[in-house]
Amino acid sequence: MQEAARAIGGPLYADLPGDLAVSFEFFPPKTPAMQDSLWQAVETLVPLGPRFFSVTYGAGGSTRERTHATVARIVAETPTPAAAHLTCVNATAAELDAIADDYWAAGVRHIVALRGDPPGGQARFEPVPGGHASAADLVKALKRRHDFEVSVSCYPEVHPEAASPAADLEALKAKIDAGASRAISQFFFEPDTYFRFRDAVAAAGLKVELVPGILPVSNFANLQKMAASCGTHLPDWMGRLFAGLDDKPAARQLVAATVSAEMARRLYAGGVRHFHFYTLNRAELSYAICHLLGVRPVLEAQ
């Protein structure tokens, strides 16, 4: 409550102690120009001393080689640990074992294990013959194969396919029991959404590091589509804030940084000390938010 009172009564961001951990997510680039943009973002964020960079994995393994190349480059050229996303979609257990072996050989020690979205045209996920049926099965297989650190996903507003909130918590429990040590949340836009979920996880007796996923808004129209696909609620006030900014990218970026920083500051006041940023391969918004939250370049702080 002392921290909450300070957040309300004084300047929201001045003199924060810099006691946060941060991590950042990228997607594998499709073109040389996108590769350059991604690497510029990596180089901008490395000085903040992130716990890890994670790299996503396209639907059905469509970016397998590019994901591996990006993760391997992070391991080879930066001091930041890299986490590779891996899904169960369109892959047998043997194929996933081989991918896990390749990552281990490349020096990757952290996997973000996901079931994955149903391939295009399918209403529900169905494993291929000999494949894993769930993220929990994938976690078990990874932990048997190598001593990976494993992160998984969680859904503060309930997974769209879950039969109920209780069933969604059971799915999370299965992943934790299988060996996951961290759950990174789907993005959300109101602090109470996270706090209610954190309380529900605690009430269910689940002991896991629960990391909020923060998505700075770079394009509100695209965000509406993303939110609809994953069941994330967009508050009415967000639409009002971003109205009229479609052709004003600089102003939109200022508003986006303010919205995400304010939410993160409230989460900080509620005890959160690790934020995972969905960067969309751009560093500016995430860097600005981290700066406001007291996360500064490591060399500068020494």
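This is a predicted model: local features need pLDDT of at least 70, side-chain atom pairs count only at pLDDT 80 or more; totals for chains, interfaces and linings use all residues.
Q: What are the secondary structure counts, and how does the radius of gyration sit against the globule rule?
A: The protein has 12 helices and 9 strands. For 302 residues the globule rule gives 19 Å, and the protein comes out close to that, so it is as compact as a globular protein of that length. The C-alpha atoms fill a box of roughly 55 × 45 × 40 Å along the principal axes. The radius of gyration itself is 19 Å.

Q: What share of contacts in the protein joins residues at least 24 apart?
A: Start with the contacts between residues at least 6 apart in sequence. Of these, the share that joins residues at least 24 apart is 79%.

Q: What percentage of the residues is buried, and what part of the accessible surface belongs to carbon and sulfur atoms?
A: Out of 302 residues, 49% count as buried.

Q: Which elements are included in what covers the buried residues of helix 5?
A: The buried residues in helix 5 are Ala 135, Ala 136, Leu 138, Val 139, Ala 141 and Leu 142. Their cover includes strand 3 (82–87), helix 4 (93–105), strand 4, strand 5 (149–154) and helix 6 (165–178).

Q: Is Gly 130 buried or exposed, and which residues is it in contact with, leaving aside neighbours within four places in sequence?
A: Gly 130 sits in the loop between strand 4 (110–114) and helix 5 (135–145). Its relative accessibility is 56%, and the cut-off for exposed is over 50%, so Gly 130 counts as exposed. Ala 94 is 36 residues away in sequence, yet its C-alpha is 7.9 Å from that of Gly 130. With neighbours within four places left aside, the contacts of Gly 130 are Thr 92 and Ala 93.

Q: Is Val 22 buried or exposed, and what is its relative accessible area?
A: Val 22 is in strand 1. Leaving out residues up to four places away in sequence, Val 22 touches Pro 50, Arg 51, Phe 52, His 274, Phe 275, Phe 277, Cys 290 and Val 295. Val 22 is buried, and its relative accessible area is 2%.

Q: What is phi of Asp 15, and what is phi of Leu 280?
A: Asp 15 lies in the loop between helix 1 (2–9) and strand 1 (21–26), and it is exposed at 72% relative accessible area. Leu 280 is in the loop between strand 9 (274–278) and helix 11 (284–292), where it counts as partly exposed at 36%. Each has a positive phi in a residue other than glycine. For Asp 15 phi is near 65°, and for Leu 280 it is near 55°.

Conventions: Residues are numbered from 1 along each chain as its sequence is written. Side-chain values use heavy atoms; hydrogens and water are left out. Helices (H or I, at least four residues) and strands (E, at least two) are DSSP runs, numbered from the N terminus. The radius of gyration is taken over C-alpha atoms; the globule rule is 2.2 Å times the number of residues to the power 0.38. Buried means under 20% relative accessible area, exposed over 50%, partly exposed in between (1.4 Å probe, protein chains only). Contact means heavy atoms within 4.5 Å.
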